[in-house]
Amino acid sequence: MNLAAVRRRIGAVPRRFREVRMFAKAMRSARHPILAQIIPTRRCNLACGYCNEYDHVSQPVPVEEMLRRIDRLAALGTSIVTISGGEPLLHPELDLIVSRIRRHKMIATLITNGYLLNAKRIQQLNRAGLHQLQISIDNVMPDEISKKSLKVLDQRLRWLAEYAEFDVNINAVVGSGIERAEDALVIARRALALGFGITTGVVHDGCGQLRALSEHERWVLDEITRLRKPLFSFFRYNRFQENLVRGIPNDWKCHAGSRFLYICENGLVHWCSQQRGYPGIPLEKYSTADLEREYHTVKSCAPLCTINCVHQTALLDEIREHPRETIVQLLSPGQQPLSPAELPASVRVLTWLFVTNSKSGWFSKAALRLLGLD
Ligand code: SF4
Ligand code: SF4
């Protein structure tokens, strides 16, 4: 194992600590954003056929302005800031932006197409304090839809394995426009061989909505799920994704604009990358009243939404608001919920903690005090 890999393993301890802190804070209250996605440049060096989030002309947002926006997100109590684009590595002061996020004790993550990574760039991100980097890879060989290909990116992945001291996650993409669904399986196996995490993404249409997956695409997703080693073996069911790949609408409350914020290059807050313009308020004027209103605003696009990170923030709120039902649902492998007797004892204890916490907040208060956040 090389030195960076050893450091990555040692550094995993404080990273998990930060994640537990984020979770405990989310359990304590709904009055802050869990995750904000921020755009330092709309420009991208690629032109994927399914993407509506880039151009080839925009200038990077001046770094002073980016730092002001990070400070504002910290003042709103944000836990995680994800830097996205366009291609964020095109921003010349990206490291300063990451450092500023870390200075506020927020978690800094980056979504990149990986083309501009090299050993020096990765080491700069180490020094800045990056928590996690994610690359979505669409296919094994480039085609006219996407050049985010394993063949092109494999050397960058090897550099990441050699130099990165942060978590690396590879998102293997399946869905409309991706010609060979089985490529996702090759990509997932390669990511695991290099010691990275894997997730699967279902490609959405131009409005963030699902297009039904074929039988073969669903088989590929199932195979990748089997490759994963979940933290708890009983925690094996992603009901959101399962419903979506079967074309079944999800019954959930989207809290975009409150628990999830999308900050565009112009500094406006939107629900998400696919619903820009709502509410479209400048970040510097965004207030707790806006967070409160958007928490309760019903989004008609929710049933077929594929925006996974917003689903995940909503899941934390479901655990906080309805702990027993949500945990049982998450653990049940089929559509029928497990009976209490079928749940492992450890899960019953966990459920009891969350149920009592949802009434008085004692558990998350104690956890936050222990983690030095209260
Ligand atoms: S690399 Fe990302 S931002 Fe750039 S065109 Fe492709 S999907 Fe869009
Ligand atoms: S449901 Fe929420 S996250 Fe999904 S597209 Fe609509 S606003 Fe965006």
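Ligand 1 is surrounded by Cys44, Leu46, Ala47, Cys48, Cys51, Glu53, Tyr54, Gly85, Gly86, Glu87, Asn113 and Lys148, a residue being near a molecule if its C-beta atom, placed from the backbone, lies within 6 Å of it. The model is predicted: local features need pLDDT of at least 70, side-chain atom pairs count only at pLDDT 80 or more, and totals for chains, interfaces and linings use all residues. Residues are numbered from 1 along each chain as its sequence is written, while chains are lettered from A and ligands numbered from 1 in the order in which they are written.

Around ligand 2 there are 13 residues, of which Cys254, Cys272, Cys301, Cys305 and Val310 come nearest. The table gives the make-up of both shells; Ala, Val, Leu, Ile, Met, Phe, Trp, Tyr, Cys and Pro count as nonpolar, Asp, Glu, Lys and Arg as charged, and the others, Gly among them, as polar.

| Shell | Nonpolar | Polar | Charged |
|---|---|---|---|
| Ligand 2 | nine residues | three residues | one residue |

The chain holds 13 helices and nine strands, where helices (H or I, at least four residues) and strands (E, at least two) are DSSP runs numbered from the N terminus. Of its 374 residues, 38% are buried, that is, with 20 or more other C-beta atoms within 10 Å of their own, C-beta atoms being placed from the backbone.

Helix 6 (residues 183-193) packs with helix 7 (residues 215-227) at an angle of about 10°, their axes 9 Å apart. These two helices are therefore roughly parallel to each other, the term for angles under 35 degrees.

Notes:
Buried ≥ 20, exposed ≤ 12 C-beta atoms within 10 Å, placed from the backbone. Axes fitted to C-alpha atoms, helices over the stretch in contact; angles between N-to-C directions. Parallel < 35°, antiparallel > 145°, perpendicular 65-115°, else oblique.
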